[in-house]
Each structure stands twice: as structure tokens, then as C-alpha cells.
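Student: I have a new structure to learn, and I would like to talk it through. May I show it to you and ask some questions as we go?

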Amino acid sequence: MDALAVLLLRRTGKVAVAAHGAGPADGAAWVAALEADLAERGWLLSADLRAAATRLHSSVRVRWADWLLATVDELVGADRSMLPLYRAFPDTPHDVDAVYVRRLLTYLFAVPDAPCVLCGREQGGAPLDPCGHLVCPGCFPPERFSACPICGRRLSVDCTYLPVVDPGPVRRPPRRAGGDGSAAPAADQGTSIAGEAPPLPMRVAGLETDAMGAAAALRDELVARPGALGESDRADLKVLVAATAPAGLDWLPEVVPARETLALIIAWALHATALSAGYPELVSAARLRWQTATDVARTLWAYSGGDPGLILPRAVDESRAPGTAWRPAGEPAVTVPVTRVRALPRPLRRAVLGYLDSCGAVAAAEDMRRHPTVWKRLGERLHPYERVAAHPGAAVAFAALRGSRTARTGALGRAIVAACTRHPRHLILTEYPDDTVAVRVRTHACLVEQALSDGDVTGAAQLLGQRPGERHPVLLRPEPVARLDPRGAGNEVGLDRADLPGAHRRERLPGWILRGHRMHSGLPVLPRLRRGHP
Ligand SMILES: [Zn+2]
Ligand SMILES: [Zn+2]
């Protein structure tokens, strides 16, 4: 069975059945046996699914039933063998608080070659493999546990703490149907076993007549979600897109609220149409969907199998992490795979460089500064300096990102000088004595801060108005305005709330930024401390 059928059963509880004709004579009896197996797992068949399953041909029905039972098993976790921590389960300790305290004391204070912190006897226990906890065999008798008594983690086979014991006969807990009242068989109500067991919630499997329609509806629901999708939702969306419209973007709504989802869908479509005649058309459609340089980075990062949220694993110095001394010797390090940018086909490279060029050197360079590592990796595949004349804006943005120093008379040098002449406020040209040049970009926040430092309130408000959706770090820091008013008098040059653009007007701004706010010896007095003053 395909991944789409599993997904539809998991998300909608419906199954598509390819049954034709009248079906075999023993169909009803066969479905009754299947129903008994399903009921054991907490599932019932709806009337229409039951009728369709009765008509299934005998050559395919066993395979279909095997798939249905295996999928249902996976949904409820019955495909894995459950091993309780206490071997005497369900006969577990009554005083769970005492157990917790003993575990916590051992976890915090047990040290190698020291007496046990609970009973005081010598040889408090050797570190367990792989969790490294020191477990005293006197306080935590090994024959009672099947894993580490402190953390519950499964132990490696060569760990000598746990003895080999006979697992004993398999006990199945008694079950009673009837999670929702409709599914409770009347015959079970009076028996004594059924009275002891907790009720088992039942689900009803229905018949799916239009699998593609249901897949498209699920796909559109996931695409319309405002936030970035989780890992399982992403995997499901990939299956749904592959089943419905793998090689196009025309099905997408006008606005996709989550940029990460849009990037993933474009990346999958790029892979699906690679080496086909429709590839250039798809690249053009993707270019129409991009709104910022960061959208491009998300798409290319997802194209290489990375996280479209552009979150990179932190490089931590493990040797200084807390508790490192207690880790077992020779413990294998768990490493997060680092995304390697794939080779990009030439039409895609040209489209990306063309888009960055259309953004302009200033906007592209400022956007790239938000994710410098990602863009440096992408730049290695984009080759922005290859055809500087064709995409000068993109080349200058990469020169600002990389801090490239280049000859003034070369193609890149000329592009840098020209861009800095056009945007003297945003792009700063650095000239070196050996006739080389480099370029730096001044961000929007930097310009706002500069305007406030110069006392240009109108200019600052105008700059803030250009990007009303952006939260400026400068608004949350006291220094720029504090510098304006060193004498401690009332702040005459702060901003009026009415000067601020819409999004900032409604924010709870710090008092120091507003006109008329009183300063104290050059430092801002926070509104909370000021309360009660005359
Ligand atoms: Zn002990
Ligand atoms: Zn442990």
C-alpha cells in the first residue's frame, strides 16, 4: 500500500477500497474475522467500508487486511514490544514520592568510589552503560528492574548490573470495548473482568471514495496554516504534494502564510521537475513567489535538505559542558548532520542571481546579514562573481557579506564603486592604499540610531515608517536618547507617540523615547521606578 493510504487512514480514519463486482461467496465470513482482529486493536468498520471489504477479491484481500492491521498497530504503538521498568508490573511501588526522592538523591549526589548516599554501604555501584548513573545494588535490587532505575533508559547488553532473568509468560491485560457509548457491546457489561479494566476507546474506520480529493483538502489545510510546520506535518505534506501536484505551483493559494512551507513546496517542485521540459517554467513561477532574499535562502536551503527555518545547530564546546566529567568513557558523540548545499542547475542559479539583482544591492545585502552563514554556503554554489556585469547588485551584496577586497579596476571593483556612489548612505566604500576596495552595508536600524544620535527626530520617524512591521532594537535600548539629554532636564527631543508609524504607536514603548520624559543624570528613569513622583 502506498504512503498516501497510510496517511489518509491516520489523519481522516478513512480507507479507500478497490472492490469491483459481486465478490467471493465467503466475503461476509472473512470480513467478520477481520473485524474481530480490528476490534482487538480498538477499531471498528463502518457499514459502507464493511460492504466494500466484503466484495474484495480473494487474491488481494489478505494483503489488504495485513496492511490495514499493520497500519492500525503502528498507530496505537502495538508494533513495538512494551517492557515495563518494574518487572513485577503492574505491582509497582505505592509511595511514588519516596521513589522520586531516592532517584533524585542518587542522581545528584552519587559519586564513583564513594559510599552509597542512601544506605551508606561501601561500593555504591559502578556507572551504568550508557547513561552513566551510579546505582547501588542494595538500594535498587537489579532483579526488580529492566532498565536504569534512575532514568529508565534501556541498558546495553554487556552491562553487568542487570541479571538475565526468565521473562515469564506473556500476560495480556483484559480489555473492554466502549470508549464511546455507541460501540459498547451489551454482552460485556456484566462480566467481572470487563468491570476491572479501563474502557478502551474505539475508532470507526470509514470508506474513502475520493482519495485524491481528500488528499488535496488535507494538503490545502496544511498549506494554509500560519506557523511553520512540525517534522511529522512536513513529512505528511510531502506525501500529499507528491500524490496530488508534484510538478507545479499553480495549485498554491495566492498567499501562503508560512514562508517555511512555501520554501519547502518550491524545493520539492524543483526536484520533481529536474531535467524535464517544465523546469524553466517552474523556476520562473518560483521567482514570482519570492518576496525577499531570505525567501530565496529558505528555498535553496530546503532544496539541499536543510531546515527552511534556517536554524543552524549551535557549535558548543562539549568539553566545558556541565556534567561532562560524569559521562561514561568512550560514549559515542551524537552529531547533528550539517546541511551541504547541493549543486544548483544553471537556470536556477541565474534566476536566483537575477532576483537578488532586482532586489538591489542594499536590500539584498541587508537581508543576507540576517543569515550570514547560510548565504556564505549558498554563495559557494551560486558563483556571484562569475558574471558581475549581468548581476552587479547580487555581486555587490555578496562582496559586502564576504568582506571581499578587490582591485578597483576589476569588474567587481567597478560595480562596488558604482553601487556606493548610488547609495552613499547605505553602502560604505573602503579604499586601501594598494588600489583595492571593499564595501560595508549600513542596516536600517543603524540609520535610525544615527538619526536619533543626531537629534533628527523627524528623520528617525520617517525611517521607522518605512518598515512598520520591524521591531527595531534601537527602540528597546536607552543609549541613543540618553545621549541626547545629559543634563537631566525634561527630554525635549524625544519622539512623540503620534510621530511613530502605526505598528510602533500601539507598542508599549519605554518612557525614555517619548518627548517630555524626564531623565536623571543622563540615564533613563524607567516608568516603573518613576511612579509616585510629582
Ligand atoms: Zn545503597
Ligand atoms: Zn540512568
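Student: Which residue in E5 does Lys14 stand opposite?
Tutor: Lys14 stands opposite Gly206 in E5. Please keep in mind throughout that this is a predicted model.

Student: And what is the bridge partner of Val15 in E5?
Tutor: The partner of Val15 is Leu207. Strand E1 and strand E5, the latter covering residues 203-207, run parallel and are joined by two bridges.

Student: What is the order of the strands in that open sheet?
Tutor: The order is E1-E5-E2, an open sheet of three strands with parallel pairing. Strand E1 (14-15) and strand E2 (43-45) are the edge strands, each pairing on one side only.

Student: How many bridges are there between E2 and E5?
Tutor: Three bridges pair E2 with E5, in the parallel sense. One residue to look for is Leu45, whose bridge partner in E5 is Ala205.

Student: What holds strands of a sheet together in general?
Tutor: Strands of a sheet pair through backbone hydrogen bonds, and the pairing is either parallel or antiparallel.

Student: Where do Cys116 and Cys136 lie?
Tutor: Cys116 and Cys136 are both in the loop between H5 and E3, and the pair links parts of the chain that are 20 residues apart.

Student: Are those two buried or exposed?
Tutor: Both Cys116 and Cys136 are buried.

Student: Now the zinc ion (ligand 2): which atoms coordinate it?
Tutor: The donors are SG of Cys131, ND1 of His133, SG of Cys148 and SG of Cys151, at 2.0 to 2.3 Å. The angles among these four donor atoms are 103 to 121°, and the site of the zinc ion (ligand 2) is tetrahedral. The spacing of its donors along the chain is C-x1-H-x14-C-x2-C.

Student: Why does the pair of Cys131 and Cys151 tie parts of the chain together?
Tutor: Cys131 and Cys151 each lie in the loop between helix H5 (96-109) and strand E3 (176-177), at positions 20 residues apart in sequence, so the pair ties those parts together.

Student: How do those two stand on burial: what are Cys131 and Cys151?
Tutor: Cys131 counts as buried because its relative accessibility is 9%, which is under the 20% limit. Cys151 has a relative accessible area of 36% and is partly exposed.

Student: On to the rings. How many aromatic pairs are there?
Tutor: The structure holds four aromatic pairs. In one of them, the rings of Tyr86 and Phe145 have centres 5.3 Å apart and planes at 50°, so that pair is tilted.

Student: Where do Tyr86 and Phe145 lie in the chain?
Tutor: Tyr86 is in the loop between helix H4 (58-76) and H5, whereas Phe145 is in the loop between H5 and E3. These parts are 59 residues apart in sequence, and the pair ties them together. Phe145 is buried, at 6% relative accessible area.

Student: Which residues form a cluster through ring pairs?
Tutor: Tyr86, Phe140 and Phe145 are linked into a cluster by ring pairs.

Student: What sits over the ring of Tyr432?
Tutor: The charged end of Arg405 sits there, 3.8 Å from the ring centre. Likewise, the charged end of Arg342 sits over the ring of Tyr303, 5.6 Å from its centre.

Student: Where does His444 lie?
Tutor: His444 lies in helix H17, residues 444-453. His444 is buried, with 3% relative accessible area. Its C-alpha atom is separated by 8.6 Å from that of Leu464, which is 20 residues away along the chain.

Student: Finally, how many helices and strands does the protein have?
Tutor: There are 21 helices and ten strands. The protein has 534 residues, of which 40% count as buried. Among contacts between residues at least 6 apart in sequence, 63% join residues at least 24 apart.

Note on methods. Residues are numbered from 1 along each chain as its sequence is written. Chains are lettered from A and ligands numbered from 1 in the order in which they are written. This is a predicted model: local features need pLDDT of at least 70, side-chain atom pairs count only at pLDDT 80 or more; totals for chains, interfaces and linings use all residues. Side-chain values use heavy atoms; hydrogens and water are left out. Donors are N, O and S atoms within 2.8 Å of the metal (3.2 Å for Na, K and Ca); water is not among the atoms, so sites may look incomplete. Four donors count as tetrahedral if all angles lie between 85 and 135 degrees; four count as square planar and six as octahedral if opposite donors are over 155 degrees apart and all others between 65 and 115; anything else is irregular. Helices (H or I, at least four residues) and strands (E, at least two) are DSSP runs, numbered from the N terminus. Buried means under 20% relative accessible area, exposed over 50%, partly exposed in between (1.4 Å probe, protein chains only). Two strands pair if DSSP finds at least two bridges between them. Rings of Phe, Tyr and Trp (its six-membered ring) pair if their centres lie within 6.5 Å; planes under 30 degrees apart count as stacked, over 60 as edge-to-face and the rest as tilted. A charge sits over a ring if NZ of Lys or CZ of Arg is within 6 Å of the ring centre and within 35 degrees of the ring normal. Contact means heavy atoms within 4.5 Å.
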